[in-house]
Amino acid sequence: AHRRFLFTPPGPRLPKAGLCTFLVLLGQACMPPKSPRRTRQRTKSAEEDAAQDAPQEEQLVLSSLAAEETEALVHRDEPETDLLAETREGQLAKTISPSTSCFSELLREALADGSDQLLRLQRGPTPFADAKKVSVASSLCLEAEPGSLLPPVLCLPGLVVTGEGTHLILKHLYLEAKADSGTDALLEVRGGASVELVDCRLEGGGIRLCPGASAKLVRSRVAGAHGPGITGTEFSELVLVDSKVTGCSGCGVHSTSGRRLCLSDCTVTDNELNGLLVDGRPCEEASCSGCTISRNGQFGVWADSNVRIAWNRNSLAGNLLGERGGRGLLEGWQSGVTFSVGDSCLAWMEKKTAWVPGVVKSVAPAALVVTAQVPIKAEVGMPCLPAQSTKSPLRRARRKTQETPIESVCQVQLVLSPGEVCLPRSGECRAPSSSKKVRAFQRKSAALELFLREGGNRKEDWEALEARDRSRFQAKARKEQKGKQEAGSAGRQRLERAMAKSGLIRVGAAGRKRGRKQADLLPPLDGGHARRKT
C-alpha cells in the first residue's frame, strides 16, 4: 500500500481534505499489527461492560462462555505430546529404558496394545537383563535410540525367534550371554522364522538355525561362543556381509545341508576348529568372496565330497592344518594365491606404521609389487625470501607467515611379502608379524579396536566420543595389553619350568636360566644331580 500511494502516476492535484485522508491511510499502513492479546482484553472488557447492565443470569452465561473460550485458546497453543512417534516406514516407535524389571516384561508391556512393531532401547548404566530365555513370536524391530554412539546392552540366557513368518530385526545392539546360561547359542531361530542383524555384537554365545530358518548378518560380530559361532542344519538361507566370527570353541561357521550360503567380505579367525565347515547335502547356492579365514585350529575351509562352493579372492593363511580339507570343490581356488594383477588391497607401510590403500601391479610367489596411495601433507604458503635479502620488517613478516598444510595423496611403489598385503574389507587391524613396530601399532590402535569391539560402528563415532568416555576406553585397552603381556610371561615361565624338570635346560636357584648351550641340553651327569655352573 505504501508503494502504491507513493508511486502513483502524476495526475490532478489532490485537495487539502484528500491529502489529509492520504496521510491517515499511510500512517495506518505503516503501523505494526495490533497484538491479539490486546484484542482479547478489549473484547473481554466490552463484554464485562455489557454484562453490568444485563441481569445476573446473563452474567453467568457470559462468564462460562469466556472460560470455554480461554480453555480452547490454551489447548490450541500447547503442542500435542504422545509417547508414540511415527517413523519413515509408517511404523510406530516406542522408547524403552533399562529398569529393574525383566526384559521380557518390558517387552510384553510395550507390545500390550499390539500396534507397535518398532521398539527403541536406550543405553543406560545397567543393561537390560533377564533370568530366562526371551521368546519372540511376532514380527518386531529392536534398535538403539538414534544418535547413540554405543549400543544398549542386553544380558540374556538366550533369545528365541519362533513362529512361521516371524521376522526379527536387531539394529545396533550388544547381546551378552549370561555366565550361568549353560548354552552355546545366544540367538536361536526356529523353523519358518527369520532374523536380521545390523551393526550388532554377540558375546559369549553363537547363532543356531533350525530347519527352515533364515538369518542375515550385516557388519555384525560373533565372539567367544562355547561352541560353533554360527551353525545351521537344513536352513533356508544364511547370508553374512562384512561380519566377523572369532574366538569360538568350535567351528567359525558350520553349515549342514543348507539351501543357500553366502559369505562376503567376512573375517573368520582364531576359532578352535575349522574356520568354515560345509557338510551334508550340497547347497543350491554357496559362495565365498573377499573373506579372510586365518589362524584357526584346524583347516581354513573343510568341504565334503559332494559340496561345491564358488570361490573368489579369499585369503587363507596361518591355519594350523592347512588352507583346505575335504574333497569338495572350491571353484576358482588356487593354493597360496589371493591376489591377481589389478586387485585393490591394503598394503603395510613401515614408515607410516599404517595400512594404506593400493593396487596390485605384479604377483610373484614370494613378493608382490603394489602401488600404494600414501596421504602426505604438502606445506603450501607464502613464498620465503632468501636469507641475504633486505632485512625489512615486512619481508621478515612474510617469511614467518604460518603455512597452511594441505593433505594430498602421492603414489608409492612398494615390494612387499604376502603377509604385508591384505584384503581391503576383511581381516584384522593388526601389524604383520614381520614388522618391527608391532607394539607401537598395538598401542596406537588398541583403544579404537576396543571401541569397535564393544559396538562402535565407525572411526568418526570414536572421534565424536566425549573425552571422558575416550579416556575410559584407553585405560581399559592399556589394562588388557598389560594382562596379555603378563599372561605371556607367565606362560613362558611355566614352559621353562617344565623344560627344566625334564632336563632340557638348567635353572639356577634364583629361578633364572643358567645357559642354553648344547652341553646344558644333555641329560644331567654325576648320578642324576644337576651340575651347577660357576
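Visitor: What lies over the face of W333?

Guide: R324 does, at 4.8 Å from the ring centre. A charge sits over a ring if NZ of Lys or CZ of Arg is within 6 Å of the ring centre and within 35 degrees of the ring normal. Please note that this is a predicted model, in which local features need pLDDT of at least 70 and side-chain atom pairs count only at pLDDT 80 or more, while totals for chains, interfaces and linings use all residues. Residues are numbered from 1 along each chain as its sequence is written, and side-chain values use heavy atoms, with hydrogens and water left out.

Visitor: And what sits over the ring of F473?

Guide: The charged end of R472, 4.8 Å from the centre of that ring.

Visitor: How many aromatic pairs are there?

Guide: The count is four, where rings of Phe, Tyr and Trp (its six-membered ring) pair if their centres lie within 6.5 Å; planes under 30 degrees apart are stacked, over 60 edge-to-face and the rest tilted. One of them joins W348 and W355 edge-to-face, at 5.5 Å centre to centre and 65° between the planes.

Visitor: Are W348 and W355 buried or exposed?

Guide: Both W348 and W355 are buried. Buried means under 20% relative accessible area, exposed over 50% and partly exposed in between, with a 1.4 Å probe and protein chains only.

Visitor: What about F451 and F473; which geometry do they form?

Guide: F451 and F473 are edge-to-face, with 5.6 Å centre to centre and 90° between the planes. F451 belongs to helix 7 (residues 438–453) and F473 to helix 9 (residues 467–502), so the pair ties together parts that are 22 residues apart in sequence. Helices (H or I, at least four residues) and strands (E, at least two) are DSSP runs, numbered from the N terminus. F451 and F473 are buried.

Visitor: Where does helix 7 bend?

Guide: At S445, by about 50°; the bend is the angle between axes fitted to the seven residues ending there and the seven starting there. The buried residues of helix 7 include S445, F441 and L450. Just after helix 7, G455 has a positive phi of about 120°.

Visitor: Which loop holds H172?

Guide: H172 is in the loop between strand 9 (167–171) and strand 10 (174–177). Its phi is near 55°, a positive value in a residue other than glycine. H172 counts as buried because its relative accessibility is 11%.

Visitor: And where is R313?

Guide: R313 is found in the loop between strand 27 (308–312) and strand 28 (315–317). R313 is not a glycine either, yet has a positive phi of about 55°. With a relative accessible area of 25%, R313 is partly exposed.

Visitor: Finally, what is the order of the nine strands in the open sheet?

Guide: The order is 4-7-10-13-16-19-22-25-28, with parallel pairing; two strands pair if DSSP finds at least two bridges between them. Strand 4 (128–129) and strand 28 stand at the edges with a single partner strand each, so one side of each is left without a neighbour in the sheet.

Visitor: How many bridges join strand 10 and strand 13?

Guide: Three, in the parallel sense. The bridge partner of Y174 in strand 13 is R201.
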